[in-house]
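Visitor: Could you walk me through how the helices pack in this one?
Guide: Gladly; here it is.

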Amino acid sequence: MDQLNSRRKIDNSREFLAWSEELSVGIQEIDEQHKILAGLTNCLFNEAILNKADPAIVESILNELMQYTQIHFSVEESLFRIFNYPEADSHQQHHTELKKEVFEIKEKFLNGDSVDLELMHLLREWLTKHIMIEDKQYTQFFLSKGLKANWPKSRSWIGKIWDSMHLQ
Ligand SMILES: [Fe+2]
């Protein structure tokens with residue numbers, strides 16, 4: 001709750017990582033999670049670069065970015081296991097590298113480095129490349145296994161996956 005409250009005060013007005021259909025993997029739930037990652041990147045850009053915000057604010061965004069990256073990658077990796085995705089190992093390796101990069105940004109920041117424009121460009125490149133290259137590779141496989149591109153929002157996601165696999 002504290003995080004939600006503080007988020008409202010965090011500026012994400014300028015879109016450094018703008019969402020576009022080009023970034024869609026064609027699965028609504030995953031797209032929504034990717035939009036949250038883009039939003040956190042935009043918060044970081046606005047606060048660290050444009051607003052020169054207090055280090056505590058920048059640190060809180062870096063923490064959120066790290067946490068959400070981990071949650072989102074875990075969701076994708078759960079899907080790999082549920083559907084026995086053949087590219088799981090190499091994809092997870094990319095996740096491990098990306099998590100390490102984000103962790104290192106935070107470590108360097110805590111050791112006195114600033115979050116500068118060069119670093120923001122790197123972050124944007126890592127995220128967009130990962131979505132457009134690795135993530136888009138799983139879409140057809142997941143859809144062929146029963147995952148739906150869109151689901152009504154009334155039920156839990158894992159429940160829906162389970163039904164689609166077992167109630168034909
Ligand atoms: Fe991924």
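**Helix packing**

Guide: α4 passes α5 in a left-handed crossing, meaning that the near helix is turned anticlockwise from the far one by less than a right angle. Helices here are DSSP runs of H or I, at least four residues long, numbered from the N terminus. This is a predicted model, in which local features need pLDDT of at least 70 and side-chain atom pairs count only at pLDDT 80 or more, while totals for chains, interfaces and linings use all residues. Residues are numbered from 1 along each chain as its sequence is written.

Visitor: At what angle do α4 and α5 pack?
Guide: The angle is about 165 degrees, with the axes 12 Å apart, where axes are lines fitted to C-alpha atoms over the stretch in contact and angles run from 0 to 180 degrees between N-to-C directions. That makes α4 roughly antiparallel to α5, a label for angles over 145 degrees.

Visitor: Which residues in α4 and α5 meet?
Guide: His91, His94, Leu98, Glu101 and Ile105 in α4 meet Leu119, Trp126, His130 and Glu134 in α5, contact being C-beta atoms, placed from the backbone, within 7 Å.

Visitor: Switching to α2, what do its buried residues pack against?
Guide: They pack against α3 and α5 (117-144), and among them are Ile30, His34, Leu44 and Ala48; buried means that 20 or more other C-beta atoms lie within 10 Å of the residue's own.

Visitor: And what comes just after α2?
Guide: Lysine 52 is there, with a positive phi of about 45 degrees.

Visitor: What does isoleucine 61 touch?
Guide: Leaving out residues up to four places away in sequence, isoleucine 61 touches Ile10, Leu40, Cys43, Leu44 and Glu47.

Terms used. Two residues are in contact if their C-beta atoms, placed from the backbone, lie within 7 Å. A residue is buried if 20 or more other C-beta atoms lie within 10 Å of its own, exposed if 12 or fewer, and partly exposed in between; C-beta atoms are placed from the backbone. Helices (H or I, at least four residues) and strands (E, at least two) are DSSP runs, numbered from the N terminus. Angles under 35 degrees count as roughly parallel, over 145 as roughly antiparallel, 65 to 115 as roughly perpendicular and the rest as oblique.
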